[in-house]
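Please open the model in your viewer and keep the selection tool at hand. The stops below are meant to be taken in order.

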Amino acid sequence: MTTPSGEAVPYPRLIVDLGAIRRNYARLQDMTAGAEVAAVVKADAYGLGAAAIAPVLLHAGAKSFFVANAHEGEIVRAAVGGGAQIFVLHGFWSADVQAIARSALIPVINSPEQLRDWLAGPAGPYALHFDTGMNRLGIPMIDVSGVADLAGKRQPDLVMSHFACADEPGHNLNATQIERFATVRGAFPGVRTSLANSAGCFLDTPAHGDLVRPGIALYGGAPRATGANPFESAATIETPILQVRQARPGDSAGYGATWTTEADRRLAVVALGYADGMFRAAQKGGYGRIGDVKLPIAGRVSMDLITLDVTDAGDSAKPGESVRFLGPDLDAFAAASGTLAYEVLTRLGSRLERVYV
Ligand SMILES: *Cc1c(COP(=O)(O)O)cnc(C)c1O
C-alpha cells in the first residue's frame, strides 16, 4: 500500500479546452454556410462555465447567445459586454422585467398571452417561439396568424422553432416541422428565422433558417446517436490516484462487493465520485485513462472515490499520477452511464475546479 507523495494536486479538476470550443464553432460555421451561428450557453454553458466561455465564442464570431432564464442572461451580458444579442428561452415573468432592461436581454415569447403582456408593458425587442410539433414550449400553430396580427408593426427580432427529432435525420417529424415553420415564415415576412439545434445543423439547409442554435456541438458532445461526431470534446477531468493496491484472486472491491476478481489485478483509487457528477451507472463500461491506456471502473462509484483496474498501466499507476476522464471518451462515458453527453456535462459537480486552457 502506498500513499500520496504530496506533490500532486490533491483534488479533481475540470480542464476546459477553449481552443476546442473555438474549432467547434468554426466547424458549425462551415456546416451551415450562410447561416449565422448563435451560441447556446444556457445551464452555465452546459456546465463548463458561461462567464469564461461566452467571451471566447464572441471572439470566434458569435453575435447571438441563448440562455434559459434572465438570471443566466445577466451573467452572459456581464461576460460579453454590449453589442451581442442575448435571447432568453423561457420568456419572461414580471419579476424579470428589470433584469431584462438592465442587461438588454431579448425574451423569447412562448404564448399569445405573454406577447400581449410584453407589448402592453416593456415592449422592447423580442423573439417568438412557435411549437411546430414537439409539444414542449412555444406558441401553438393555431395561433400563428393571431399572433402576427397582435404583433402588427412591432415585429419580432426573430421567429424560431425547435426540432423534436433532429438527431434522427430520417424521422418524418423533421419534414413536418420544416413545413409548419414555412407557415410561420410566411406570417412574418422579412423577420429572421431560426430552427436548428446542433443535430439540426446536420440536416439540409431548409432545416437551418437564418440563425442556427447549437449547444452541445460547441462543447464537443455528440449531437446524434449514430454517425461520427465531428466535434472535439472540450471537457477533460484530471484527478490524482490516491492509493494503489494489489487485488488477489477471490478479492472484491467497493460497496456491495460487486466487483470480484479471479486473477491478480492492480487497483487504484482516484479522487472523483458521484458528487463530482460521475454516474453510478458508469460502473459498467466506464473508464479513465493514463496516457492511452484505458482503465476500467472496478466496483461501485462512491461519492468521492472511484476504483479503477490499472493493471494494464503498469508502473505508471502510482499515487499522485493523474488519471483523465471524459475528453475523447465523453460520448463513451455517457453511453456507459446510460445517458448522453448533455447530461454528463451539465451534472459535473461544483467541486471540480474549472481550469481554462
Ligand atoms: C438547448 C436548446 C438548444 C441547443 O440544443 P443542442 O441540442 O444542445 O444543440 C437549441 N434550441 C433550444 C430551444 C434549446 O432549448
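Predicted model: local features only at pLDDT ≥ 70, side-chain atom pairs only at ≥ 80, totals over all residues.

Stop 1: Select the ligand and display the pocket around it. The space that the ligand takes up is the largest pocket.

Stop 2: Which side chains place an N or O atom 2.5 Å from an oxygen atom of the ligand? Tyr-342 gives another, with a side-chain N or O atom 2.5 Å from a ligand oxygen. Then pick Lys-42, where a polar side-chain atom lies 2.7 Å from an oxygen atom of the ligand. Turning on the surface shows the cover: the ligand taken alone exposes 390 Å², and the protein buries 92% of that.

**Stop 3: the cysteines.** Now select Cys-165 and Cys-201, and draw a distance between their sulfur atoms. How far is the sulfur of Cys-165 from the closest cysteine sulfur? The distance is 16 Å, to Cys-201. A disulfide is a covalent bond between the sulfur atoms of two cysteines. Here the sulfur atoms would have to be within 2.5 Å, so at 16 Å the pair is too far apart for a bond. Seen from Cys-201, the closest cysteine sulfur is likewise that of Cys-165. The count of disulfides is zero.

Finally, colour by accessibility. Cys-165 is buried, at 11% relative accessible area, and Cys-201 is buried, at 2%.

Notes:
Residues numbered from 1 in each chain as written. Heavy atoms only, no water. Polar contact = N/O pair within 3.5 Å; in protein donor to acceptor, adjacent residues only side chain to side chain. Areas by Shrake-Rupley, 256 points an atom, 1.4 Å probe, with all protein chains shown as cover. 1 Å grid on protein atoms, 1.4 Å probe; cavity = no way out; pocket = protein on both sides within 12 Å on 5 of 7 lines; lining within 4 Å. Sits in = over half its atoms within 2 Å of the grid points. Buried < 20%, exposed > 50% of the residue type's maximum accessible area, 1.4 Å probe, protein only.
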